[in-house]
Amino acid sequence: MNDEELYQRLLNGDKEALEALYDKYEKLLFSMAYRTCQQNEMAEEAVQELFLKLWTRRAKYDSTKGKFSSWLLTVMRYTAIDLLKKKENQNYTLEDNKDYDEYEPSTEDLLEWKERGEMLRKAVQTLSNEQASIVNLFYFKGLTQREIADHLNLSLGTVKGRIRLALKHLKKELGQLKEKGGLGDVT
């Protein structure tokens, strides 16, 4: 079955025709998209977007204008370019977010942040030594759970369980500190 016949079957909702076209052109289309995007994930996304266009009939092939494969590559190129522009616009918006750049915490924010930090340190002191050690390694030193397990010679499940129990304990302890009005009433 040639490409035009597969395309006609696809237009009639034949998923096998879509799969056949995908199997035949996926590598070539990925290669074309990668040349435009220079990123694996974005190229894969562009290929998926192209087949979604085919399936939803947003891209329509006209056999009087040339070969199906040439048309498909042209659509791939424009799909990849559109995706690249879309991603660049998202990055531009994030990088140029003036509200984010101009944010400076007020004195009240800094005091509240300091008080919360002190409450957290106080709550961590109520943990067992093992839990405090794991919380310190995970949240303050940035080790992964696997790295902690290797470092402390524990199973990964034990580390996950201790982190979960520690968080549960900290949540309860911080709740009690807040109910008592912060650090002033505890010390």
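**Figure 1. Order of elements along the chain.** Read along the sequence, this predicted model follows the pattern α-α-α-α-α-α-α-α-α-α. The protein has 10 helices and zero strands, taken as DSSP runs (helices H or I, at least four residues; strands E, at least two) numbered from the N terminus. Residues are numbered from 1 along each chain as its sequence is written, and side-chain values use heavy atoms, with hydrogens and water left out. Local features need pLDDT of at least 70 and side-chain atom pairs count only at pLDDT 80 or more, whereas totals for chains, interfaces and linings use all residues.

Figure 2. Of the 187 residues, 29% are buried (under 20% relative accessible area, 1.4 Å probe, protein chains only). The accessible surface comes to about 13500 Å², and carbon and sulfur atoms hold 49% of that area (Shrake-Rupley method, 1.4 Å probe). Among contacts (heavy atoms within 4.5 Å) with a separation of 6 or more, 57% join residues 24 or more positions apart.

**Figure 3. The largest pocket.** This pocket holds about 210 Å³ of space. A pocket is an open set of points on a 1 Å grid where a 1.4 Å probe fits, with protein on both sides within 12 Å along at least five of seven lines; the volume is the space filled by probe spheres set on the points.

**Figure 4. Lining of the largest pocket.** E112, R116, G117, M119, L120, L174 and K178 line the pocket (an atom within 4 Å of a point). Two or more lining residues come from each of α6 (107–125) and α9 (156–179), and α6 gives the largest share, five residues. By class, three are nonpolar, one is polar and three are charged, with Gly counted as polar.

Conventions
Buried < 20%, exposed > 50% of the residue type's maximum accessible area, 1.4 Å probe, protein only.
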